[in-house]
Amino acid sequence: MEPESCGDIHSAGAVPLLVEGLTACQDSQCRQSVVRALRNLADSPQHRLALAKQGAVRPLAELLAAAPDPAMTLALVRALLELSRGCSRACAEQLSLGGGLGPLVSLASHPKRAVREAAILILANLCAQGLVRPALGNAGGVEVLLGELRRRRGPSGASPASQQPLVRAVCLLCREAINRARLRDAGGLELLMGLLRDPRASAWHPRVVAALVGFFYDTGALGRLQALGLVPLLAGQLCGEAGDEEEEGREAASWDFPEERTPERAEAGSFQSLSFDLGSTPAPLNFGAQRGSLEGEMLLQNLTVQAESPFGVGALTHLLLSGSPEDRVACALTLPFIC
């Protein structure tokens with residue numbers, strides 16, 4: 001579709017009618033036509049954001065969760081892949097709340113290559129949004145993305161360009177404690193160290209180092225990293241010319257602290273930022289600042305995921321026993337919703 005035609009369709013207000021058609025129409029062929037139309041309308045960042053804000057993503061996720069026929073499944077993952085490029089907050093919220101994460105993880109092992117690769121890339125795109133990463137990890141996304149990156153880095157693997165979105169996704173998953181634990185247990189430390197040793201992956205080294213900073217409070221992970229030779233590798237990086245980590249948007253910040261706004265110096269990927277990260281104090285939790293029903297639902301969903309993990313239980317217990325009065329009240333008010 002020509003960009004001008006696509007813009008005219010958006011301007012004419014056709015998107016709400018298409019979204020309504022997804023739920024009103026029961027015929028599979030008709031629905032596939034609507035899904036393809038929505039995919040075609042996602043031809044630019046502005047149009048993708050407009051589609052998400054008009055509620056186009058959630059019904060697609062709900063259809064995917066309903067285990068449709070093979071043709072519909074392919075149409076849905078192709079549409080969601082387009083809509084999740086440069087993934088917006090609205091897109092991530094709707095895809096998660098529509099029940100799409102579990103089906104996408106399952107489709108990552110689909111026998112049909114087009115479905116499998118689309119599902120994997122959608123999961124990688126979603127990692128750009130911190131609010132959905134805990135739920136994505138809980139659905140099995142960490143293991144899927146690690147496994148695919150490991151496969152693409154193998155002897156018969158794909159080109160470095162095809163590895164880039166997976167490297168980015170895995171590094172972003174290191175921003176939450178619950179996903180760091182999953183990544184560590186799934187052999188992710190060895191994979192990250194392999195990237196750091198690989199001179200062909202030098203463009204990703206600042207991002208990888210920034211990801212490894214998150215493990216500095218994990219004694220077991222630190223011991224493993226030391227055994228894998230992290231110290232001499234870092235020393236070699238410091239002696240060379242260190243690049244800067246590619247900056248991510250504010251919405252990619254760790255969801256361990258939803259209201260956290262990372263200081264500029266910590267966002268920089270330079271190796272000198274390690275000392276700042278190790279000496280910094282995390283921002284206090286501020287649940288009262290959450291606004292809107294979607295954000296509230298996502299927050300409770302993520303709290304449930306984290307509270308069910310050893311890290312989550314420890315964090316809540318610590319805050320209830322020794323947090324500030326505001327933190328203790330926030331935790332006490334939150335517990336009934338996640339129990």
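These legends accompany an overview and close-up views of a predicted model.

**Figure 1. Overview of a chain with 22 helices and 0 strands**. Welcome to the predicted model, in which local features need pLDDT of at least 70, side-chain atom pairs count only at pLDDT 80 or more, and totals for chains, interfaces and linings use all residues. Residues are numbered from 1 along each chain as its sequence is written, and side-chain values use heavy atoms, with hydrogens and water left out. Helices (DSSP H or I, at least four residues) and strands (E, at least two) are numbered from the N terminus. Of the 339 residues, 50% count as buried, meaning under 20% relative accessible area with a 1.4 Å probe and protein chains only. Contacts (heavy atoms within 4.5 Å) with a separation of 6 or more come, for 71%, from residues 24 or more positions apart. The chain exposes about 15,800 Å², and carbon and sulfur atoms supply 56% of that area (Shrake-Rupley method, 1.4 Å probe).

**Figure 2. Helix H7, residues 89-97, is mostly covered**. Here 9 of the 9 residues of H7 are buried. Among them are the charged-class residues Arg89 and Glu93, together with Cys91, Gln94 and Ser96.

**Figure 3. Helix H9 (residues 113-126) packs with helix H11 (residues 141-152)**. The axes, lines fitted to C-alpha atoms over the stretch in contact, are compared by an angle from 0 to 180 degrees between N-to-C directions. For H9 and H11 that angle is about 115 degrees, with the axes 10 Å apart. H9 is therefore roughly perpendicular to H11 (65 to 115 degrees). The crossing is left-handed, that is, the near helix is turned anticlockwise from the far one by less than a right angle. Ile120, Leu123 and Ala124 of H9 meet Val144, Leu145 and Glu148 of H11. By class, this contact has 5 nonpolar, no polar and 1 charged residues (nonpolar: Ala, Val, Leu, Ile, Met, Phe, Trp, Tyr, Cys and Pro; charged: Asp, Glu, Lys and Arg; polar: the others, Gly among them).

**Figure 4. H9 crosses helix H12 (residues 160-173)**. On the H9 side, Ile120, Leu121 and Ala124 meet Pro165, Leu166 and Ala169 in H12. The residues of the contact divide into 6 nonpolar, no polar and no charged.

Conventions. Parallel < 35°, antiparallel > 145°, perpendicular 65-115°, else oblique.
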